[in-house]
Amino acid sequence: MARIVKEEEYTGKRNAILDVAQRLIYTKGYEQMTIQDMLDDLQISKGAFYHYFDSKQAVLEALVERMGEEALQLLVPIVHDPALPALDKFQRYLAVANRWKVGQKAFFLALLRVWFTDDNAIVRQKLRAIGIREIAPLLSEIIRQGIQEGAMTATYPDQVGEMIASLAQDAGETIGALLISFDPPRADMQRAERTVAVYTNAFERVLGVPAGSLTLVDDQTLQEWF
């Protein structure tokens, strides 16, 4: 019992640091935020901070991991819903993921510029691998159902699940790069729309579903981002 209490206390204090870091990223930006800012807000010592995180970059990594876990909690019930056909599951999966990301828009926009720097290359690659590992099995489950229903013609559900998860990561990074350099006079909105169309086509081809079966990002969501 004492061990459980200690684990809960550790998790609670760790999350308190992450909550403050997330708020500071909103208000100051990740690059401007310092460890001292977090210490001052929480009124804790450096030693207490380093008990949970060894660097500001470790805080960033933990924040992104925590957000990924929150997203999974929303997506798992969709995948396991016995009443939904596979194609409906896939589309609802995309829609829920998109709405969740829009809800975290301020956080994502605050991180975009620093996210693509060389300093964060290792963190980016690590979190990409974690994301694919966690998302791929859920996608593979939908794909198996789709094959059984005759709605998808993909042959290898496990491998296709990994490919779709990887494509989703690529799409997010590509659209993120467009957001950083967005310039309406250069017709960047059209570039964004075409990028979404290309990835949507890739998703449909890999899954083996008819063209027009999926909406990777709806127009309203794309407008909200840009």
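The exercises below, each with a worked solution, concern a predicted model.

**Exercise 1.** Determine where Asp 37 is found, whether Asp 37 counts as buried or exposed, and which residues Asp 37 touches beyond four places away in sequence.

*Solution.* Begin with the secondary structure, where Asp 37 is found in helix 2, which covers residues 35-42. Next take the relative accessibility, which is 18% for Asp 37, and because buried means under 20%, this residue counts as buried. Finally, leaving aside residues up to four places away in sequence, Asp 37 touches Leu 24, Lys 28 and Gln 32.

**Exercise 2.** Describe the backbone and the setting of Gln 43, and decide whether Gln 43 counts as buried or exposed.

*Solution.* The phi of Gln 43 is positive, at about 55 degrees, although this residue is not a glycine. Gln 43 lies in the loop between helix 2 and helix 3, the latter being 46-50. The relative accessibility of Gln 43 is 73%, and since exposed means over 50%, Gln 43 counts as exposed.

**Exercise 3.** Work out how helix 4 and helix 5 are arranged, and which residues make their contact.

*Solution.* Helix 4 (residues 56-79) packs with helix 5 (residues 86-103) at an angle of about 155 degrees, and their axes are 10 Å apart. Because angles over 145 degrees count as roughly antiparallel, helix 4 is roughly antiparallel to helix 5. The crossing of the two helices is right-handed. On the helix 4 side, the residues making the contact include Met 67, Glu 70 and Leu 74, while Arg 92, Tyr 93 and Trp 100 are among those of helix 5. Sorted by class, this contact has 10 nonpolar, no polar and three charged residues.

Terms used:
Residues numbered from 1 in each chain as written. Predicted model: local features only at pLDDT ≥ 70, side-chain atom pairs only at ≥ 80, totals over all residues. Heavy atoms only, no water. Buried < 20%, exposed > 50% of the residue type's maximum accessible area, 1.4 Å probe, protein only. Contact = heavy atoms within 4.5 Å. Axes fitted to C-alpha atoms, helices over the stretch in contact; angles between N-to-C directions. Parallel < 35°, antiparallel > 145°, perpendicular 65-115°, else oblique. Left-handed = near helix turned anticlockwise from the far one by under 90°. Nonpolar A, V, L, I, M, F, W, Y, C, P; charged D, E, K, R; others polar.
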